[in-house]
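Notebook open, chain on screen.

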Amino acid sequence: MFEKLFKCSKTVTKYRRAPLLEERLRFLEHQAGLEFGCEVLRLAARYLLVVTEQLHLSSRQGELIGAAEIEETAIRWSNNGKVKDRKARQKFVRNATRWLQFLGWWKPTPPTHQFVEQIVGYENDMRDERGLASATISA
C-alpha cells in the first residue's frame, strides 16, 4: 500500500517501521476499497502516524478512546507551534475517529437529552417533596 502512495523509498520505510503497521494497513485498504483517491489515502496515512503518536496508541491497543480525548489531543497537537491550523485539527479529529471506529477502539459519547436538568429537578421533586419511592420514579 505504501509503495503505491509514496515514491520515496525512505518514506515507505518510515511508514512500514511505524507502530501499528497492520492496523494502519487494514484501514487504508478499507478506504481504498471505498474508492478513496491516492491523495486522500496519502493524507490519511500521514494522519494515522500523527494520531498513533499523539494518542500513544501503540501502548493502548484495544483501549476505548472517546471524542473528548481526541479533541483535547487535537487541540494540544495543533497548538504545539508547528501546526496552528483549524482545518488540520479537524482532519486530526476526523481521521482519528474514523480509524478508532474501524478498529473497534472508539468509545461512543452517550447521548445527552436536551432537558436533563429539568428531568433531574422533577425527579428530585417527586422523591423529596412528594415522597415517592425511587422505583416509582424510574418507572
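I looked up His56 and found it in the loop between helix 4 and strand 1; helices (H or I, at least four residues) and strands (E, at least two) are DSSP runs, numbered from the N terminus. Its phi is near 55°, positive in a residue other than glycine. I note that most residues other than glycine have a negative phi.

Before going on: this is a predicted model, where local features need pLDDT of at least 70, side-chain atom pairs count only at pLDDT 80 or more, and totals for chains, interfaces and linings use all residues. Residues are numbered from 1 along each chain as its sequence is written, and side-chain values use heavy atoms, with hydrogens and water left out.

Next I checked Leu20, in the loop between helix 2 (9-17) and helix 3 (21-33). Leu20 also has a positive phi, about 60°, and is not a glycine. Buried or exposed, this Leu20? It counts as buried, because its relative accessibility is 7% (buried is under 20% relative accessible area, exposed over 50%, partly exposed in between; 1.4 Å probe, protein chains only).

Then I went to helix 5, residues 67-78. I got Ile70, Thr73, Ala74, Trp77 and Ser78 as its buried residues. They fall within an arc of 125° seen down the axis, so they line one face of helix 5 (the arc is taken from the directions from the helix axis to the C-beta atoms). Ala68, Glu72 and Arg76 are exposed on the face turned away from that buried side.

What do the buried residues of helix 5 pack against? I listed helix 4 (38-54), strand 1 (65-66), helix 6 (86-103) and strand 2 (106-107), with contact meaning heavy atoms within 4.5 Å.

Methods. The expected span of a helix is 1.5 Å times one less than its number of residues.
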